[in-house]
Amino acid sequence: MSTPQTPAAAPTLGHSLKHLAVHLLTPLLMCLGMALAYQGAFHQPEPHHLKVAVVGAGPQAHGLAQTIQGKAGDALDVRTVDDRAAAERLLRDRDLVGAFVPDARNPELIVAKGNSDTSVVAATAVFTNVTDKQGVPLHVTDLTTLAKGDPTGQGLFFLLVALSIGSYASVAAIGAAGAGLSLWIRALVGLAVSLVVSVIGIVTAGPLFHVVDHDQAAIWALGWLYSAGIVLIGIGLHGFLKKWTTLALMVLFVMLNFTSSGGVYRPELQNGFFGTLHGFWTGAGYLEGARSILYFDGGAGLGGHVVTLLVWLLLGGAALVAAAMHEGRGRRPVETPAEAEEEMEEAVAV
């Protein structure tokens, strides 16, 4: 005769509230982080050492440049260039945002919107003030040809968002569903997943929406490099952080990444913190590299942006080595099914 089992006691109110508070911690930290990052980066865009030029070698051009600089202060970095050809060369090298060609009847501002549409808007506002005082309209000439599916030049930023979310959400799936696999098998799966993510990105951005209308192979390769770096870093960190990996990846590849990428505002319209991150963060490496390929014939610092992505890929390799050593000492964290499901839900919900 079997002995009847005593039903488990219901959890106390205090225990239930404590359990709920622990589960609410992650979304509340996400809320705080997103609020601080996005509002901190975008709440007050204003020029900060925006690089512009006045075209002309005579005293009139130098005098105009000095006048504009004196009124603008640190908002602008104003220089003169001798002729139009020199100005266009600097714009194509992305060393200038705008070059003003003075003329009593038909003043012109030369820009490259492929560099950043919002920066061009800021430069246009500066020189519109100059021509308004002359009582003549300002003619704006764009040296770049934007894709027909991306008239503002910001479609690449949304491609960056898709690649990023596909990459870090995949880490949660690999960590949860692939827990029984060795670290290096998980890493190989991660590289394969990053390849799929990059293919999805280029197919949607290319033939589907025409954001990328040429050099699609180069943009795809850049996307795979970018995605692989995120996935390998995530798999490495998962060996230490377990269910907190999604939050850590959100900080690295959403909160700090999107805001410093230059997709909405480049550093000349941001505060110093996010402007500094732009110089070496992975999202900026991808986005500025893609801009260099699409709008500046593979020049304008493309090599440096590729190096940035390679450095982040190497960081992913270092994270994997550290995780392997950690697991080799028998310290590999094991998630319960509930923890794995929670991690997946957090990753998908973002």
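**K242**

I began with K242, which at 21% relative accessibility counts as partly exposed. The terms I use: buried means under 20% relative accessible area, exposed over 50%, and partly exposed in between, with a 1.4 Å probe and protein chains only. K242 has a positive phi of about 55°, although it is not a glycine. I found K242 in the loop between α7 (216-241) and α8 (245-255). Helices here are DSSP runs of H or I with at least four residues, strands are runs of E with at least two, and both are numbered from the N terminus.

**Ground rules**

I am looking at a predicted model, so local features need pLDDT of at least 70 and side-chain atom pairs count only at pLDDT 80 or more, while totals for chains, interfaces and linings use all residues. Residues are numbered from 1 along each chain as its sequence is written, and side-chain values use heavy atoms, with hydrogens and water left out.

Next I looked up R94, another residue with a positive phi, about 65°, although it is not a glycine. R94 sits in the loop between α3 (84-92) and β3 (98-101). Is R94 buried or exposed? R94 is buried, with a relative accessible area of 12%.

From there I moved to N115, in the loop between β4 (108-111) and α4 (117-134). N115 counts as buried at 4% relative accessibility. Which residues does N115 touch? Leaving out residues up to four places away in sequence, I noted R94, L96, V97, R266, R291 and F296. A contact here means heavy atoms within 4.5 Å. I also checked N115 against R186: they are 71 residues apart in sequence and 38 Å apart in space, C-alpha to C-alpha.

**L163**

I found L163 in helix α5 (residues 155-177). At 2% relative accessibility, L163 is buried. Its contacts, not counting residues up to four places away in sequence, are V197, S198, G201, G223, Y226 and Y286. L163 and L13 are 150 residues apart in sequence, and their C-alpha atoms are 43 Å apart in space.

**Transmembrane spans**

The unreviewed UniProt entry places the feature "transmembrane region" at residues 20-38, 156-177, 183-205, 217-241, 247-265 and 302-323. UniProt positions are in the numbering used here, feature names are shortened, and annotations may be inferred rather than shown by experiment. I looked at two of these spans. Residues 20-38 are 100% helix and 0% strand, with end C-alpha atoms 27 Å apart. Residues 183-205 are also 100% helix and 0% strand, and their end C-alpha atoms lie 32 Å apart.

**The whole protein**

Stepping back, I counted 13 helices and 5 strands. The C-alpha trace spans about 105 × 45 × 35 Å along its principal axes. Of the 350 residues, 48% are buried. Among contacts between residues at least 6 apart in sequence, 75% join residues at least 24 apart.

**Confidence**

Last, I checked pLDDT, the predictor's confidence in each residue, from 0 to 100. The mean for the protein is 87, and 91% of its residues reach 70 or more. Which elements have the lowest and highest mean pLDDT? I found the lowest in helix α13 (residues 337-349), at 51, and the highest in helix α11 (residues 282-295), at 95.
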